[in-house]
Amino acid sequence: MTNDKASEQPDLPILRQSLDFDHRYPCPVCRYGQIEGLFLVDAFSCGFCRHIFTVDLPHQYLRLEDTAAPLQWRWTGDRWVSARSVVTEESLLLLWGFGLAFVLVPTALVWLANHTFPPLPNPDGGGTSFPLLWTGLTFLSHSSIVGWFCLEYYQIPLYLMLKLYIQRLFQPVFSR
Ligand SMILES: [Zn+2]
């Protein structure tokens, strides 16, 4: 029995530690790896998901730099809290509106075109499902683009794990 429990368990999470380059912190993106300061640059990197972050040490902010998503977190001393100050509520609503229009307008146009000018009846009886198929494909392709943007923006852990798994699968062994 010993009273010095801290020395027995060096990997315990940091408690009330301010953000600096001398310590490691849990990664706010994958919530699995740890971020640590990169050599010679004022940036952090995650050992697991490999995202790069820049830091605002006076305000204890961390900003994700290697994706289009303007994600920011504030370090409270023991955990990260989301600080999406870059994207306001109004602009997020506008983005959702654009996303919805991007899916619905082309689908409606294709449907309208097929409805207004239906294909000529085929003497063999086939080909009547083509307009429906084309409309469905338009909806699917456009909604998958919007869906991909959503996954990138919200950085859903399951999506990140899958993305990393695929990246590592196709990565040459020597660059690991
Ligand atoms: Zn990570």
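**Fold of the predicted protein chain**

Of the 176 residues of the protein chain, 13% count as buried, a residue being buried if 20 or more other C-beta atoms lie within 10 Å of its own, exposed if 12 or fewer, and partly exposed in between, with C-beta atoms placed from the backbone. The model is predicted, and local features need pLDDT of at least 70, side-chain atom pairs count only at pLDDT 80 or more, and totals for chains, interfaces and linings use all residues. Residues are numbered from 1 along each chain as its sequence is written.

The protein chain contains 4 helices and 7 strands; helices (H or I, at least four residues) and strands (E, at least two) are DSSP runs, numbered from the N terminus. Along the sequence these elements follow the pattern α-β-β-β-β-β-β-β-α-α-α. Two residues are in contact if their C-beta atoms, placed from the backbone, lie within 7 Å. Among contacts between residues at least 6 apart in sequence, 34% join residues at least 24 apart.

The strands form an open sheet of 7 with the order S1-S2-S3-S4-S5-S6-S7 and antiparallel pairing, where two strands pair if DSSP finds at least two bridges between them. Strand S1 (25-26) and strand S7 (80-82) are the edge strands, each pairing on one side only. S6 and S7 run antiparallel and are joined by 3 bridges. Arginine 74 stands opposite valine 81 in S7.

A nonpolar core is a set of buried Ala, Val, Leu, Ile, Met, Phe, Trp, Tyr and Cys residues joined through C-beta atoms within 7 Å. The largest such core has 15 residues, and those with the most contacts inside it are Cys27, Val29, Cys30, Ile35, Cys46 and Cys49. Strand S3 (43-46) and strand S6 (72-75) are the elements that give two or more residues to this core.

The axes of helix H2 (residues 89-116) and H3 come within 9 Å and cross at roughly 170°. H2 and H3 are therefore roughly antiparallel to each other, the term for angles over 145 degrees. Residues making the contact include Phe102, Val110 and Trp111 of H2 and Trp134, Phe139 and Val146 of H3. By class, the contact has 9 nonpolar, 7 polar and no charged residues; Ala, Val, Leu, Ile, Met, Phe, Trp, Tyr, Cys and Pro count as nonpolar, Asp, Glu, Lys and Arg as charged, and the others, Gly among them, as polar.

Tryptophan 148 is found in helix H3 (residues 130-154). Tryptophan 148 counts as exposed because it has 11 C-beta neighbours inside 10 Å.

Technical notes:
Axes are lines fitted to C-alpha atoms, for helices over the stretch in contact, and angles run from 0 to 180 degrees between N-to-C directions. Angles under 35 degrees count as roughly parallel, over 145 as roughly antiparallel, 65 to 115 as roughly perpendicular and the rest as oblique.
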